[in-house]
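The exercises below are to be worked with the sequence and the model side by side. Each task is followed by a solution in steps.

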Amino acid sequence: MSRAIVAPEYGEPDVLQFVEVGTPAPGEGEVTIAVRAAGVNPADLKRLRGEFGRNEASLPLRLGSEIAGVVTAVGADAVGPAGPVAVGDEVIGFRVSGGYSEEVTVAAASVLPKPAGLSFEQGAGLLAVGVTAEHLLQAAAVGAGDRVIVHGASGGVGSIAVQLALLQGAVVVGTAGKAHQEAVRALGATPVEYGPGLEARIRAIFPGGADAALDTIGTDEAVDTSVALVDDRRRIVTINAFRRAAELGFKSLGSGPGADPGSAVRMAARLPLIELAGRGKLAVHVARTFPLAQAAGALEFVASGHPGGKVILLP
Ligand SMILES: NC(=O)c1ccc[n+]([C@@H]2O[C@H](COP(=O)([O-])OP(=O)(O)OC[C@H]3O[C@@H](n4cnc5c(N)ncnc54)[C@H](OP(=O)(O)O)[C@@H]3O)[C@@H](O)[C@H]2O)c1
């Protein structure tokens, strides 16, 4: 038996329980992983709150879409995107279900090798945000010399989007709160504080406007600023402002209404992102770790909206 976090009902993090659960033996094409670190994402909180829909038949809910750990058992034909998976392999799992666990059995198709240069914590915090950031860049066709705005540059998705845009040769202005200005500068972007007057502050840096805007926030302020500064609406992309994207004719990505899920783009981005991070070209900043038993506290920290980096659970 191993232990896992479960939600017996939809609600706030205080409904979570840490209980004994069974881990099935791996079947064909599956592997069992001893979890060393599990990434916590805003999507986990939205799922817990029922914001992605409620289905009483899926209770108790098991949260967590990304993990890093060590393979303890493999079924027949356990082959992942990078090849066969073996007992003892240090791996990253994404997308998985129920990652807030000591042990999980998952499809080998979701299991990728963890480079030695990446810690378990960093490995568990890379892919959910990383594949979204890569999808944003591709949707906005970011390339060399582009002037790019990243709304939420201090966040999980935004900080990876900044780094990927810089690797493409773009020039980046990134919005963040006062406390995270230096963190955005350290990534290589020019930081700007969000809040009233945002458009003028960005225009002072990009007097001729910007070529693309990547919006991880979705506030009216982020949307209005993007529309004012970027002429080509096909190069404004949001992962949150679904209604306004439909109204104003720019792109939205993910699971919101009218959004492009981009599943193939996102799954194909996993190995290249791991390779970049393993070579030290892409930094995953872990803001805080919590023991697995304190998953509720970790989700409340994420709910603050200002975690300052990835939040990781340690079984
Ligand atoms: N559609 C999709 O496919 C998809 C995929 C992944 C994530 N998401 C969503 O995208 C959002 C960001 O995810 P994340 O993992 O990057 O979150 P995160 O790590 O918690 O980052 C939150 C970001 O929001 C900024 N922020 C907070 N309040 C703000 C405000 N009033 N105005 C402007 N910026 C503000 C924070 O800046 P400071 O901390 O500097 O204040 C920080 O940069 C979440 O809502 C998540 O659910 C969507």
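Helices (H or I, at least four residues) and strands (E, at least two) are DSSP runs, numbered from the N terminus. The model is predicted.

**Exercise 1. A three-stranded sheet**

Task: Give the order of the 3 strands in the open sheet that contains β1, and say which are the edge strands.

Solution. 
Step 1. The order is β2-β1-β4, with antiparallel pairing.
Step 2. β2 (17–21) and β4 are at the edges, as each pairs on one side only.
Step 3. Between strand β1 (residues 2–7) and β2 there are 5 bridges, in the antiparallel sense.

**Exercise 2. The partners of β5**

Task: How many bridges join β5 to strand β3, and how many join β5 to strand β8?

Solution. 
Step 1. Strand β3 (residues 30–40) and strand β5 (residues 66–74) run antiparallel and share 7 bridges. Val31 is found opposite Val74 of β5.
Step 2. β5 also runs antiparallel to strand β8 (residues 90–94), and 5 bridges join the two. Gly69 has Val91 of β8 as its bridge partner.

**Exercise 3. A six-stranded sheet**

Task: Write down the order of the 6 strands in the parallel open sheet, then explain why one side of β13 and of β16 is left without a neighbour.

Solution. 
Step 1. The strands follow the order β13-β12-β11-β14-β15-β16, and their pairing is parallel.
Step 2. β13 (190–193) and β16 (251–252) are the edges; each has a single partner strand, so one side of each has no neighbour in the sheet.
Step 3. Inside the sheet, strand β14 (residues 212–215) and strand β15 (residues 236–238) run parallel and are joined by 3 bridges. Asp215 has Thr238 of β15 as its bridge partner.

**Exercise 4. A salt bridge**

Task: Which residue forms a salt bridge with Lys178, and which parts does the pair tie together?

Solution. 
Step 1. Recall the general point that side chains of opposite charge can pair when their charged atoms come close.
Step 2. The structure has 13 salt bridges. In one of them, Glu193 is paired with Lys178, and their closest N and O atoms are 3.8 Å apart.
Step 3. Glu193 is in strand β13, while Lys178 is in the loop between β12 (171–176) and α4 (181–187), so the pair links parts 15 residues apart in sequence.

**Exercise 5. The surroundings of the ligand**

Task: Describe the shell of 23 residues around the ligand.

Solution. 
Step 1. Lys46, Ser154, Gly156, Tyr194 and His306 come nearest.
Step 2. Sort the shell by kind: 9 residues are nonpolar, 12 polar and 2 charged.
Step 3. Sort the shell by origin. Domain 1 (2–118 + 284–314) and domain 2 (129–252) each give at least three residues. At least two residues come from each of α1 (42–48), α2 (120–139) and α3 (156–167).
Step 4. A polar backbone atom of Gly177 is 2.8 Å from one, and a polar side-chain atom of His180 is 2.8 Å from one. For a polar backbone atom of Thr216, the distance is 3.5 Å.
Step 5. Finish with the area: the ligand alone exposes 930 Å², of which the protein buries 82%.

Conventions: Residues are numbered from 1 along each chain as its sequence is written. This is a predicted model: local features need pLDDT of at least 70, side-chain atom pairs count only at pLDDT 80 or more; totals for chains, interfaces and linings use all residues. Side-chain values use heavy atoms; hydrogens and water are left out. A residue is near a molecule or strand if one of its heavy atoms lies within 4 Å of it. A polar contact is a pair of N or O atoms within 3.5 Å; within protein, one must be able to donate a hydrogen and the other to accept it, and residues adjacent in sequence count only if both atoms are side-chain atoms. Accessible areas come from the Shrake-Rupley method with a 1.4 Å probe; for residues, only the protein chains shown count as cover. Ala, Val, Leu, Ile, Met, Phe, Trp, Tyr, Cys and Pro count as nonpolar, Asp, Glu, Lys and Arg as charged, and the others, Gly among them, as polar. Domain bounds come from an automatic or database domain assignment. Two strands pair if DSSP finds at least two bridges between them. A salt bridge is a side-chain nitrogen of Lys or Arg within 4 Å of a carboxyl oxygen of Asp or Glu.
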